[in-house]
Amino acid sequence: MLRPTLSMITGAAAMAVAACLAFGEQAPAATQEETPVTTPLQFTMNDIDGNPVDLSQYKGKVVLIVNVASKCGHTKQYKGLQKLYTDHHEKGLVILGFPCNQFGGQEPGTEEEIAAFCEEKYGVTFPLFSKVDVNGKDAAPLFQYLTGDSAPLADKGPVKWNFEKFLINRQGELVQRFRSKVTPESEVLVTAIDAALAEE
C-alpha cells in the first residue's frame with residue numbers, strides 16, 4: 001500500500017489552496033450583477049473643472065445633452081442654446097454641453113480654453129463638461145447608451161457631427177434626438193422642449 005509522503009501532502013494542500021484562491025478571485029465576477037442602464041441620468045461625468053457630477057441630480061428636469069465644439073460651422077448654436085437655457089431654465093430646462101474633438105479636430109483646446117471661450121464669446125452659463133469621445137471604443141458610457149441599440153429611439157447609431165442634441169424628459173427618459181442641422185431656434189426642437197416641460 002502506498003503511503004502518502006510529506007511532499008505529496010504538501011503538494012495536494014498547495015493545489016487546494018491555489019484552487020480556493022482562484023475561485024475566490026473569480027467568484028465576484030460570477031456573482032456580481034450589473035445594473036441595467038435605463039436612463040442617461042444613471043451616469044457620473046466630470047464637469048469642465050474635472051469634478052464628478054452625478055447626472056441623477058437632474059431627474060425631474062428636462063435635460064438637453066449636446067456634443068459641442070468651438071471651431072465648427074455650428075459653433076454659433078451656442079448663442080441659441082444659451083437663449084433656450086435663459087428662457088426656460090426657471091421652468092426646469094437644463095442644457096449639458098459635452099466638448100468633443102472627434103469631428104474635424106474642431107475642439108482642440110483644453111478645458112480651461114473651452115470654458116473661457118464659451119463664457120467670453122457666448123456668455124454660456126449652462127453646465128459644461130470635460131472633453132469626451134462620443135463614438136468608438138473610447139466613447140464615454142453616457143454616449144454609448146445614447147447612441148446604442150438599447151436607446152429607446154428610432155434614430156440610433158453614431159453621432160455624425162458636432163451639436164447633436166438628445167432630449168430627456170422629467171422622468172429621466174430619452175425621448176428624442178436631433179441631428180446637428182436642427183438649430184436651437186428650430187420649431188421642432190422648441191416644441192419638443194415645451195411639451196416635455198409641460199409634463200408633470
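Student: Is D155 buried, exposed or partly exposed?

Tutor: Keep in mind that this is a predicted model. Buried needs under 20% relative accessible area, and exposed needs over 50%. D155 has 30% relative accessibility, so D155 counts as partly exposed.

Student: Which residue does the side chain of D155 meet in a salt bridge?

Tutor: Side chains of opposite charge can pair when their charged atoms come close. For D155, the N to O distance is 2.8 Å. The pair links distant parts of the chain, 24 residues apart. D155 is in the loop between α4 (141-147) and β5, and its partner is in the loop between β6 (174-178) and α5. That partner is R179.

Student: Where in the chain are the two residues of the salt bridge between E164 and R177?

Tutor: Their side chains meet at 2.9 Å, N to O. The two residues are 13 apart and link distant parts of the chain. E164 is in the loop between α4 and β5, and R177 is in strand β6.

Student: Are E164 and R177 buried or exposed?

Tutor: The cut-off for buried is under 20% relative accessible area. E164 has 1%, so E164 is buried. R177 has 10%, so R177 is also buried.

Student: Which residues are linked in a network of salt bridges?

Tutor: Start from E164, whose side chain also meets R179 in a salt bridge at 2.8 Å, N to O. That pair is 15 residues apart. A search of the whole structure finds five salt bridges. The network links D155, E164, R177 and R179.

Student: Which side chain does N162 join through a polar contact?

Tutor: N162 is in the loop between α4 and β5. At 0% relative accessibility, N162 counts as buried. Leaving aside neighbours within four places in sequence, its contacts include N67, C72, H74, F103 and S180. The polar contact, at 2.8 Å, is with the side chain of Q106.

Student: How far apart are the end C-alpha atoms of helix α2?

Tutor: Helix α2 covers residues 77-88, which is twelve residues. At 1.5 Å a residue, the helix should span 16 Å. The model agrees: the end C-alpha atoms are 16 Å apart.

Student: What covers the buried residues of α2?

Tutor: The buried residues of α2 are Q77, Y78, G80, L81, Q82, L84, Y85 and H88. Both strands and helices are part of the cover. It includes β3 (62-68), β4 (93-99), α3 (111-122), β5 (165-168) and α5 (187-198).

Notes. Residues numbered from 1 in each chain as written. Predicted model: local features only at pLDDT ≥ 70, side-chain atom pairs only at ≥ 80, totals over all residues. Heavy atoms only, no water. Helix = DSSP H or I, 4+ residues; strand = E, 2+ residues; numbered from the N terminus. Expected span 1.5 Å × (residues − 1). Buried < 20%, exposed > 50% of the residue type's maximum accessible area, 1.4 Å probe, protein only. Contact = heavy atoms within 4.5 Å. Salt bridge = Lys/Arg side-chain N within 4 Å of Asp/Glu carboxyl O. Polar contact = N/O pair within 3.5 Å; in protein donor to acceptor, adjacent residues only side chain to side chain.
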